[in-house]
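Keep the viewer open as you read.

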Amino acid sequence: MTTKEKGYVREDGRKNNELRSPIKAEVGIIPNADGSAMFQIGKTIALAAVYGPKKMHPQHSQDPEKGTLRCTYNMNSFSVEERIRPGPSRRSTEISKITEWALEPVLMLDKFPNMVVDVHINIIQADAGTRCAGINAAAMALAHAGIPMKDMVSSISVGKIDKTLVLDLDKYEDSEFKDGEGSTDIPVSITHAGEITHLQLDGKISKEQLMEVIEMAKEACGKIYEIQKKALKEAIK
Ligand code: CDP
């Protein structure tokens, strides 16, 4: 809720820079896949399964210079209260593309000319922040599949509600304030080395506040990275 004096105060009692809980990560959840992972943040749960590298078909889609990363994001029809029509949509096509862009910079795809690495992301429970949860799960699943990577990718969203920046919006915050003047939601994906591989922004924000968004996202992605790393280490054990 908002008051002019205090700014926005979060309904669930979180601090403005606090991630949702629980955060859970697990690797190797789908035995038939070459790599797989689950990432949960609050009530949002993403599963990712990697298949490949394998020969790209049809042949005309092959790239002789490097392998292709092909991500498919899907929000299951039962993942939200109001059942979603199954099958691809404009939104899922956009998020699939964005996931590829967020992950490609860390993958050494030049080692796999003419091949494709398929990543299937399923959102089995959605409570906002699903694209970021999907990217976190996919990055772990790629590492678990043994695809050579230069770094890990972690992802989180920073929201602006009125003038206040808040980390990791839940569905209530996302939908309640979406149409508010000056409100926006900014998903950011960052490597452990601090390189931004993905940032989406529609709405208005000052340069100063955008820098603040990046700092908040970097700090949060550092925490997510530790959780991803721990899950991968557990799987090796
Ligand atoms: O999930 P994310 O925040 O990355 O993307 P969004 O398009 O901003 O969607 C925010 C949330 O709205 C989703 O996580 C779902 O909880 C919900 N949603 C829904 O209920 N039905 C849809 N067709 C799309 C989104």
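Start at C71, which stands opposite V119 in strand 7. Strands here are DSSP E runs of at least two residues, helices are H or I runs of at least four, and both are numbered from the N terminus. Before going further, some ground rules: this is a predicted model, where local features need pLDDT of at least 70 and side-chain atom pairs count only at pLDDT 80 or more, while totals for chains, interfaces and linings use all residues. Residues are numbered from 1 along each chain as its sequence is written, and side-chain values use heavy atoms, with hydrogens and water left out.

Strand 6 (residues 68-75) and strand 7 (residues 115-125) run parallel and share eight bridges; two strands count as paired if DSSP finds at least two bridges between them. In a regular strand the side chains alternate between the two faces of the sheet. "Buried" means under 20% relative accessible area, "exposed" over 50%, and "partly exposed" in between (1.4 Å probe, protein chains only).

Both strands belong to an open sheet of five strands, ordered 3-4-5-7-6 with mixed pairing. Strand 3 (23-27) and strand 6 are its edges, each pairing on one side only. On average, neighbouring strands are turned by 15 degrees against each other, direction ignored. For angles, axes are lines fitted to C-alpha atoms (for helices, over the stretch in contact), and values run from 0 to 180 degrees between N-to-C directions.

Elsewhere in this sheet, strand 4 (residues 35-41) and strand 5 (residues 44-55) are antiparallel partners over seven bridges, and M38 has L47 in strand 5 as its bridge partner. Helix 4 (residues 207-236) packs on the sheet, touching strand 3 and strand 4, and its direction makes about 35 degrees with that of strand 3. Contact, here and below, means heavy atoms within 4.5 Å. Helix 2 lies across strands 3, 4, 5, 6 and 7, at about 150 degrees to strand 4.

**The four-stranded sheet**

Helix 2 (residues 130-144) also lies across strand 8, strand 10 and strand 11, running at about 170 degrees to strand 8. Those strands sit in an open antiparallel sheet of four, in the order 9-8-10-11. Strand 9 (164-167) and strand 11 (196-199) are at the edges with a single partner strand each, so one side of each is left without a neighbour in the sheet. Neighbouring strands are turned by 25 degrees against each other on average, direction ignored. Helix 1 (residues 90-103) packs on this sheet too, touching strand 8, strand 10 and strand 11, with its direction at about 160 degrees to that of strand 11.

Strand 8 (residues 153-161) and strand 10 (residues 184-191) pair over eight bridges; V153 has T191 as its bridge partner in strand 10.

**The ligand**

What surrounds the ligand? M75, V80, R91, A126, D127, A128, G129, T130, R131, K171 and D174 do, each with a heavy atom within 4 Å of it.

| Residue | Atom on the protein side | Distance to a ligand oxygen |
|---|---|---|
| A126 | polar backbone atom | 3.4 Å |
| G129 | backbone N or O atom | 2.9 Å |
| T130 | polar side-chain atom | 2.5 Å |

Taken alone, the ligand exposes 510 Å², and the protein buries 74% of that. Accessible areas come from the Shrake-Rupley method with a 1.4 Å probe; for residues, only the protein chains shown count as cover.

**Residues to click on**

H198 lies in strand 11. Is H198 buried or exposed? It is buried, at 7% relative accessible area. Its side chain makes polar contacts with the side chains of S189 (2.7 Å) and Q200 (2.9 Å).

A102, in helix 1, is buried at 0%. Not counting residues up to four places away in sequence, A102 touches I135, V153, S189, T197 and H198.

C221 is found in helix 4 and is buried at 4%. C221 and I190 are 31 residues apart in sequence, yet 6.8 Å apart in space, C-alpha to C-alpha.

Methods: Polar contact = N/O pair within 3.5 Å; in protein donor to acceptor, adjacent residues only side chain to side chain.
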